[in-house]
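I opened a new page for this protein chain.

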Amino acid sequence: MSSAISKRCLEAFQTDDLYTIIGITAEEKDDLTDAKLKKAYHKKSKEWHPDRHADKHPEERVVATGKFQVIADAYRILGNPRMKAIYDTEGLLDDDNFVDTNDEVNNDQKETPEEDNSGDEAANEMAPMGSYQSEEENDEGIEYSTYEDSIDGYDSDVILPENEEFISDEEMDYSSNESDVDSPDYEIRPLLNGKTKLITFYFNDRSKCYHYYLNGDNRYYCSKCHSEKHTCCAVLLKNANGEQYIQMKNDHVCEPIDYYDDEIVTTTNFEIYQKQTGKELFIFADDDRSHFYQYYHVKQKKCYVCDQCTKNGKNTQAILNPKTGELEAEAFHQCEPQSYIPKIDASQYLIDKSNRGKPQLVVFADRFKKNCFKFHWHKKYGYYICNKKPCSIIAKLLKSSNGEKFVQMYKEHKCHPVPYE
Ligand SMILES: [Zn+2]
Ligand SMILES: [Zn+2]
Ligand SMILES: [Zn+2]
């Protein structure tokens, strides 16, 4: 009863009714045209587009991206006559029904666009993953994705199966600012999750480099540039002799980062916690557990990604080896570990209702429970926020593997406790 797609829907929207998710009412459902569906899809995906949530807290961005991807899934299915028919009769029971077959965006299809598969056309039109561009940005007439996976630690393979095939020169509609880079001035490196990233060097200085992560449109995007709202990307091409090279679009506006060798370490000094919206991983940087790196689990990437590193333009991954129970993690971080704030156990907090009847977390500041910090519940993102502005630090209710619930904070309060009454 719980297919992966269905689960994702329920997690993001508490329903697995694709029509509801994409914003089609019961009345509209019966005479649903492609245009109507597309309109509904655009509206919804705009609302949850990662670019719109780029400035938010990472948690919020993860939620937004999750919704955004589920909306894209809904559109992919409802926009495809074969899948829609199956969905309408059988629901989301079996994931296999909803795998793109002849409508994947691959080279073959790009060569024969808009033929015979009328329903798939709709799916193709949304193909440049996340390529919602606000109207103002459109004047260049260049179509490239503005959303890059590593920013949110997500990528697009839900929407567009990633295939790392070469795309032909003609498909590059780059009219200006392009340049070619031959091997060995770039490296394609494997990531822990089986995907790849691209590294290019900073002019002749091989101690500095840029990192690019693959998007669903088969281009590698510089993640640091992206976080500065600039598109700098590269595509892997082959010349007539069959030699690989990359073609770059635009110069960097970002600063390069230190070049390093990929080193994978295995560690047992970590904890995985369950939270409202998924899983969180703490990898401790020292034996006394005073510092840690915070990771989010990214289902679509099938790995954990360091939160701070993503902000600094590097997608630092970790993967749990189910056989050994050990964690395999990239050793090199583009961030500093943060101070660990000890967990607050059940004796030092309680959840009650505020004066206005809203859920509230009370964390006691002392053993005698005379003073406390109050947090209000942020329903949309599933965590608590300190009531005192500008403190606004986040507290999460987590559950450890042995089922113990506790409150975790990530920063110290800037505010002072108030008397508990
Ligand atoms: Zn850059
Ligand atoms: Zn990091
Ligand atoms: Zn506070």
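**Ground rules.** I am working with a predicted model, where local features need pLDDT of at least 70, side-chain atom pairs count only at pLDDT 80 or more, and totals for chains, interfaces and linings use all residues. Residues are numbered from 1 along each chain as its sequence is written, while chains are lettered from A and ligands numbered from 1 in the order in which they are written.

**Whole chain.** I found 11 helices and 24 strands in the protein chain. Both are DSSP runs, numbered from the N terminus: helices are H or I, at least four residues, and strands are E, at least two. Of the 421 residues, 35% are buried. Buried means that 20 or more other C-beta atoms, placed from the backbone, lie within 10 Å of the residue's own.

**Helix α1.** I looked up residues 4-13 and listed Ile-5, Arg-8, Cys-9 and Ala-12 as buried. Seen down the axis of α1, these fall within an arc of 100°, so they line one face of the helix. The arc is taken from the directions from the helix axis to the C-beta atoms. The buried residues of α1 pack against α2 (18-22) and α5 (58-78). Gln-14 follows α1 and has a positive phi, near 60°.

**Helices α4 and α5.** The axes of α4 (residues 34-47) and α5 come within 10 Å and cross at roughly 170°. Axes are lines fitted to C-alpha atoms over the stretch in contact, and angles run from 0 to 180 degrees between N-to-C directions. The two helices are therefore roughly antiparallel, a term for angles over 145 degrees. Which residues of α4 make the contact? I noted Leu-37, Tyr-41, Lys-44 and Ser-45, which meet Phe-68, Ile-71, Ala-72, Tyr-75 and Leu-78 of α5. Contact means C-beta atoms, placed from the backbone, within 7 Å.

Technical notes
Buried ≥ 20, exposed ≤ 12 C-beta atoms within 10 Å, placed from the backbone. Contact = placed C-beta atoms within 7 Å. Parallel < 35°, antiparallel > 145°, perpendicular 65-115°, else oblique.
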